[in-house]
Amino acid sequence: MRTDTPVAVKLKDYVPYPFSIDAVELSFDLGAQKTTVRARLSVTPKGTGPMRLDGEALHLNYIALAEGGGKAAPLDPADFEVDARGLTLLAPPGGPFVLETEVEISPAANTALSGLYLSGGRLCTQCEAEGFRRITYYPDRPDVMSSFRVRMEGPKAAFPILLSNGTPGEAGDLPGGRHFAEWVDPHKKPAYLFALCAGDYDVLRDTFTTMSGRRVDLGIHVDKGDAPRAAWAMDALKRSMRWDEEVYGREYDLGVFNIVAVRDFNFGAMENKGLNIFNSAYVLADEDTATDFDFEAIESIVAHEYFHNWTGNRITCRDWFQLCLKEGLTVFRDQNFSADMRSRPVQRIKDVIKLRARQFAEDAGPLAHSVRPDTYGAIDNLYTATVYEKGSELIGILRRLIGPEKYREGMDLYFERHDGQAVTIEDFYACFEAVTGRDFSAFRQWYAQAGTPEVTLDETWDAETATLKVRLRQNTAPTQGQPVKKPVPVPLLSALLDGEGGHVAASGRKAEPFLVVLEGAEAELEFRLPEGSRRPLFSVNRDFSAPVRLVRKLTRDERLALVRAETDPFNTWDGLQTLVKEEILALSDGSQAKPDDALVGAIAGAVKGALGDPAFAALLTRLPEVGELFLERQPADPVALAAARAKLQAALGKALAETIGETLAKPAPAPYHPGAEQASVRALRNAFIALLGASSEPEAEATLSRLYDSAPNMTERLSTLRALMFTKGGGKAKAIGHFEQMWKSNPLVMDKWFSVQASTGTAEDVKRLIAHPDFDLRNPNRVRAVIGAFAMQNLAAFHAPDGSGYRAVEATILAADKANPALGARLMTAFEQWRVLEPKARGEAEACLKRLVEAGLSENAMDIASRALAAPG
């Protein structure tokens, strides 16, 4: 078996780079098959010894060096060494010097989509985390910051628009149908933020006036004919710019801001200074081709990448171990932006759904790692839910602990103190220590250890003294390499409820929510009420104030009573989710034959009671996904869990049949607008359409087919198509065929067509989709739409006990990995929970993992596989 894995990089081994790169001049002679890159680095040594420059897939044409302002002279081959990972100057000068290199690269041959590559006949870059080394020789690390001046030239017909970071400079025509453009970035940046785009685009243009009165020219560059579909992204950009001024006092700092949409892209988007590069899926949208989910994602991702201008660009991370410093902080900012644009309670619930589904699962499996790891094998594999979503939760905890005013004061100090620097988590928290006078060293333990803390809550009520005692205990299970965990500060927003929708005063506290911070392994709270008081209900972890799993022994009736009494929207939803999880588990293991009528009635009643807030009502109909249930009982049987979930969903649909009929009989909001008010109405319609799909009633399929045929927008058309996937009649095949014929020329819409089938079908369906002529192994969106959707959303089929799900995709995972290691590694994370499966599926998953390893994986994918297969402990 192949066992070679990437060499581990360790935080404790960090040393500063021994040279300062004071200025960078880059000159590109652009071509699809061959691009020549000339680099001129102004260098100041900080010590003595060799100078190491990173470089991969480069052909070195020329290297020269100049000292003391003299002319550069070619280096003797004995003065440097070149290997597959870079170039070393063996004895660089002891004083300032200029290093010149010329290399050749092939964008068309770059299937990894890292560095400079070709997409749709256009050139673009992706340099985070380590892509710049595929462009030229350079110290490709975030703590090396420099000013960049860029000149591009190439055939004008092929590349009429030439973009890079910063501010445009000189531009003009050259002989032979060629032209050039220069760009200067006045802000020092690390190489991972370098960007270049060259091609023929349609451009949607607009302007923004900053709070100080400066005009910023905005441009979104898209495929020909697609400019109108970028209007929502432009609107989101302008709202993001204004929000950052109003909430954080951060003004944009250049006169130009450009976005380029790219069809072939490994990620969602990239925050390069002044030139953001986006996956087209997160730029292009209209009511005919995009769903409300797409519009919401565009709004969030545009905001996220723009917010990086200050939290990531102006202040960056010293090393990749500090990745959460820019990503967790910026996720927190974009989540709050979305909450202000839409509904704060609904946004909070959505954020927690994502956290629990992705990050809690990560924490519970072999790929668990701390928010700031102390080691990594492949940096691309560090872009995880733990770094992003859990990192965001920690910023939320900080803000809750110190209050919004001190949080803003600390952020202002952070921007003032560290502008233009590459910093660490310690630097960040030192700013909050300075403004509060508090020591956050214990709080930073959250960053140092993996795993989700489990908080156990026990209550004792003394009727004679009217005293409620609450005992809290925290424990974090061992994870790979961390057998012993320390307690972390756990802030639990709490309240005492009277059972009739009111709050209770006790022990000198007002009748309002209060914050309890569990500092150590355990604590006991005591609440004294007036003599003769009835037992209050204890509401805890309101608004999900801490990212923990709460263990509380309550009967079903006690949980229902608490749900009915809740005044916190999150806890209302979460209380029902807890009851639903217990119900699905009971149905899946056979201890209960059919759904409990009382529970189904309670959920239906809660939905009807929330119809005035359609988005919240829609969330109340949501049942936990199969993957979320893996954490509740092990070994996990995905097939049984999926069947039980479907049974409960059908029962809920039946209980809500009249309400569903009345709601869907009304026309959808028109004319279409993607904003929160209309989207909330459509969210409820979609939720009810999903319940129809789970129904066994004979008329359900006919209703869905009518809704599909008359759908006024893509949101409803796609939701009805998905619902039809669960029906037995001919409506399913008819809708699949119609959708394909209607949208076969639109790649982004066809991604939805592939995804709907892969996420609801069988292993045989996936094989059919892989064999489809429009399945493109080089396009990450299409691969994710099939393999990602099947392996990460359709768990009952992927984890089939006979191994058919694994066999259906393993050859494609291998092929994708060979062409694009970052994509291959991401697909491999589908195996992160294999150890918790029931024995048959677990054995098949392990066999598949070993087959993949034997076949030979990239370093990125091998890092995932080796950690997944490592013995627990």
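Accessible areas here come from the Shrake-Rupley method with a 1.4 Å probe, and for residues only the protein chains shown count as cover.

## Basis of the model

This is a predicted model: local features need pLDDT of at least 70, side-chain atom pairs count only at pLDDT 80 or more, and totals for chains, interfaces and linings use all residues. Residues are numbered from 1 along each chain as its sequence is written, and side-chain values use heavy atoms, leaving out hydrogens and water.

## Overall chain

The chain exposes about 33,300 Å², with 52% of that area supplied by carbon and sulfur atoms. Of its 873 residues, 59% are buried (under 20% relative accessible area, 1.4 Å probe, protein chains only).

The chain has 27 helices and 31 strands; these are DSSP runs numbered from the N terminus, helices being H or I of at least four residues and strands E of at least two. The radius of gyration (over C-alpha atoms) is 28 Å, close to the 29 Å from the globule rule for 873 residues, so the chain is as compact as a globular protein of that length. That rule is 2.2 Å times the number of residues to the power 0.38. Along the principal axes, the C-alpha atoms fill a box of roughly 90 × 65 × 60 Å.

Strands β11 (residues 122-126) and β16 (residues 196-199) pair in the antiparallel sense over two bridges. L123 has A198 in β16 as its bridge partner.

Definitions and conventions. Two strands pair if DSSP finds at least two bridges between them. Buried means under 20% relative accessible area, exposed over 50%, partly exposed in between (1.4 Å probe, protein chains only).
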